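Please read this report alongside the sequence and the model. It moves from strand pairing to overall fold, then to single elements and the ligand.

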Amino acid sequence: RGAARAPHVALLSSPGMGHVVPVAELARRLHAEHGFTATVVTYASSDSAAQRAFLASLPPAVGSASLPAVPLDDLVAAGAAIETLLSVEAQRSVPALAALLAGLGKDGSLVAFVADLFGADTLRAARDAGVPAYLFFPSNLLMLSLMLHLPRLDAELDGEFRDQPEPVRLPGCVAVPGADILQPLQDRTSDAYCWMVHHGERYRDADGILVNTFDAIEPNASAILRQPEPGHPPVYPVGPVIRQPDNGDDDATGCIRWLDTQPDKSVLFVSFGSGGALSAAQMDELARGLELSGQRFLWVVRSPTDSGADPGANYYDGSKSKDYPLKFLPSGFLERTKEVGLVVPSWAPQVRVLGHRATGAMLTHCGWNSVLESVMHGVPMIAWPLYAEQRQNAVMLHEEIKVALRPKVRGADGMILGEDITKVVNDTMNSEEGDAMRTKVTELQKATRSGLAAGGMSHKTLNEMVAKWKERTFA
Ligand code: UDP
């Protein structure tokens, strides 16, 4: 008998850094804590310099493979939503994935396949290869619960979510007004809506669902979803699974050097994730609000959505803005704020920024990775949701967990005015309400640390999962 081969896991990430990062980090943990080797599978369509640098920074035991581009021109030409593109891309990539898994399975070491939220249709490729098929859900239990209940909600619902008189109540979760529910569900006649219902149905086929959340942040939902029940697979909260600060994040824009010169907890970090951008008018108001507040800030600026920059291109590679984004700032803004502010174009080493002693709060679009990164570093938030499930995350962070404030939204067009930005920034940096948030987020930060340490809930949950996979090595 030869030396035992390390068990191997293949993990498929949907396009977008917000998806690739947690999937790759899960792979890194499976290697570091459990001795697995892994292949992170991405799509050629999402190849970017930032992604390549990130994947290259993983340990040698975590390799990567890229699925060849599949034609999507028909959908792009028809103006398909991003959710439709991601779903069809996954479906059309099943043959290439099946071939890849067959290759990886040859030596008998492949013990599991894990796909992320848009990958439910790829689970059959693993089934065909005789490998257990799991999902890794990169958002929270509120969102997972919505997906699992969606086929039922779809059957029961009369009209659109936003027209419902009552908020949506999912077991153990904060009540969410219909208008704040997941953006692609806001038009029930759309393809994106149909795809989400389809995924909700297919999630039931998974052998288990790993979730990037932790018990202390969603205790009630976790207690409910951890109970096995007919109709939904076992749910494993194993988070936070977040990016390591040294993974391909250099300080090309000088953020860290600048933070080094600032007082402790004094800087508001402003970032809208890997693809989020504002309209030109909204960008002006944000600039005005920050300037009026007089607070220190570090702002990652993207070209405005109405500047002709393609938001879809931003999605696939947010580290580039088509135009030089700083030129869209109000005239004189950089000069007037240079004593207190730093503005960087397109991309910042976010985890390093959040971990810096000078960072005091984050104004965030509420992408779940950003939320977890903020919580893990004990940084309270200002919630400024833009798309996807960010509005429901904002409801949860503000109303239930109480680690975020929200600016007032005035006017039917959803515009946030400079004065209201100034108020929410000052309240966050400098008020009793801000202090209460800081206390709460510090408690959660401690809970993330103990949860991930030996004997903690997230650690035990991943162990449980891994024990099942390891059984296969010796079966
Ligand atoms: N990110 C970063 N620098 C940036 C913007 C984003 O490092 O300037 C990283 C961030 O740390 C997070 C991910 O990109 O890990 C964004 O994921 P999230 O779920 O917050 O939002 P999405 O980009 O999916 O909307």
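Which residue stands opposite Leu210 in S6? Phe136 does.

## Basis of the model

This is a predicted model; local features need pLDDT of at least 70, side-chain atom pairs count only at pLDDT 80 or more, and totals for chains, interfaces and linings use all residues. Residues are numbered from 1 along each chain as its sequence is written.

Strand S5 (residues 133-137) and strand S6 (residues 209-211) run parallel and share 3 bridges. Two strands count as paired if DSSP finds at least two bridges between them. Helices (H or I, at least four residues) and strands (E, at least two) are DSSP runs, numbered from the N terminus.

The open sheet has 7 strands in the order S3-S2-S1-S4-S5-S6-S7, with parallel pairing. Its edge strands are S3 (62-67) and S7 (235-237), each pairing on one side only. Neighbouring strands are turned by 25° against each other on average, direction ignored. For such angles, axes are lines fitted to C-alpha atoms, for helices over the stretch in contact, and values run from 0 to 180 degrees between N-to-C directions.

## Strand S4

Strand S4 (residues 110-115) is mostly covered, with 6 of its 6 residues buried. Buried means that 20 or more other C-beta atoms lie within 10 Å of a residue's own; exposed means 12 or fewer, and partly exposed lies in between, with C-beta atoms placed from the backbone.

S4 has pairings with S1 and S5. Strand S1 (residues 8-12) pairs with S4 in the parallel sense over 5 bridges. There, Leu11 has Val114 as its bridge partner. S4 and S5 also run parallel, joined by 3 bridges. Ala115 is partnered by Leu135 in S5.

## The six-stranded sheet

Another open sheet holds 6 strands in the order S10-S9-S8-S11-S12-S13, and the pairing is parallel. S10 and S13 stand at the edges with a single partner strand each, so one side of each is left without a neighbour in the sheet.

Strand S9 (residues 296-301) pairs with S10 in the parallel sense over 5 bridges. Leu298 stands opposite Leu342 in that pairing. Ile382 faces Leu405 in S13 as its opposite residue.

## Overall fold

The chain holds 19 helices and 13 strands. Its radius of gyration is 22 Å, close to the 23 Å that the globule rule gives for 475 residues, so the chain is as compact as a globular protein of that length. The radius is taken over C-alpha atoms, and the rule is 2.2 Å times the number of residues to the power 0.38. Along the principal axes, the C-alpha atoms fill a box of roughly 70 × 50 × 45 Å.

Buried residues make up 52% of the 475 residues. Of the contacts with a separation of 6 or more, 73% join residues 24 or more positions apart. A contact requires C-beta atoms, placed from the backbone, within 7 Å.

## Helix H16

Helix H16 (residues 390-401) is mostly covered: 9 of its 12 residues are buried. Among them are Arg391, Val395, Leu397 and Ile401. The cover includes helix H7 (141-156), H15, strand S12 (381-383) and strand S13 (404-405). Just after H16, Lys402 takes a positive phi of about 60°.

## Glu291

Glu291 is found in helix H11 (residues 280-293). Glu291 is buried, with 20 other C-beta atoms within 10 Å. Beyond its neighbours within four places in sequence, Glu291 is in contact with Phe333, Arg336 and Thr337. Glu291 and Thr422 are 131 residues apart in sequence, yet 8.0 Å apart in space, C-alpha to C-alpha.

## The ligand shell

How many residues surround the ligand? There are 20, and the closest are Gly18, Gly273, Ser274, Gly367 and Ser370. Helices H1 (17-34), H14 (350-354) and H15 (368-376) each give two or more residues. H15 supplies the largest share, 4 residues.

By class, the shell has 7 nonpolar, 11 polar and 2 charged residues. Ala, Val, Leu, Ile, Met, Phe, Trp, Tyr, Cys and Pro count as nonpolar, Asp, Glu, Lys and Arg as charged, and the others, Gly among them, as polar.

Methods
Near = placed C-beta within 6 Å. Contact = placed C-beta atoms within 7 Å.
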